[in-house]
Amino acid sequence: MMTRRLTQLLIGLAMYGISLAVFIRAGLGLDPWDVFHQGVATKTGFSIGVVVIAVSFIVLLLWIPLRQMPGIGTVANAVLVGLFADLGLWLIPPVSHLGGQIAMLAGAVILNGIASACYIGARLGPGARDGLMTGLVRRTGWSVRLVRTGIEVTVLAVGLLLGGSVGVGTVVYALAIGPIVQVLLPRFMVPEPVPEPGSDPGRETATAEASPAA
């Protein structure tokens, strides 16, 4: 089971990074966090992959006061998405024809949805940005919708000011990604282990809850 979870995690994160590269090459706008990443990359001269990795570890520092515990997937997410984003940008050429841009945008959204379902379904820890959201929800008592909207509006606004790309792709992503992940997640969710006959379910449950990767 762990082999499947790790394999699914790595494939999901690789696809996530590639989907970011496809979004960028489509040139029709990015999701809020990647508008911010692109804006920072534009101002600093670093590649977007390097910026994604750096921002991930900065956000992880914000987990400390929230008492969030990272899992294996959290650390892997922080490193691999940026690496595969840069690899994808190296492999995928820019597209200027509108038909090609629309096709790439659609492909990027679908690939991103599959990737999200893969790494979330592996149950090895949330990404840095998702963990920030869930940590704030737990500590403040505010709704997920309020916290997520507040975070994404903030990073979108800052990214736009820094020169990040906002466009129809930003809207398409916001409307489509939730339903896509909702449909696909049950197909990729790794089931909880079934207790063996004669084992202590209470002990196994406690162990699973104590594990940050569960």
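Predicted model: local features only at pLDDT ≥ 70, side-chain atom pairs only at ≥ 80, totals over all residues.
Some ground rules: residues are numbered from 1 along each chain as its sequence is written. Local features need pLDDT of at least 70 and side-chain atom pairs count only at pLDDT 80 or more, while totals for chains, interfaces and linings use all residues, and side-chain values use heavy atoms, with hydrogens and water left out.

So, the overall picture. We have nine helices and zero strands; helices here are DSSP runs of H or I with at least four residues, strands are E runs of at least two, and numbering goes from the N terminus. Of the 214 residues, 43% are buried, meaning under 20% relative accessible area with a 1.4 Å probe, counting protein chains only; over 50% is exposed, and in between is partly exposed.

Now, helix α2, residues 32-44. How many of its 13 residues are buried? Ten of them, and the helix is mostly covered. Among them are W33, F36 and H37. The buried residues of α2 pack against α1 (2-26), α3 (48-66), α6 (128-140) and α7 (144-162); contact means heavy atoms within 4.5 Å.

Last stop, I72. This residue sits in helix α4, residues 72-91, and is partly exposed, with a relative accessible area of 47%.
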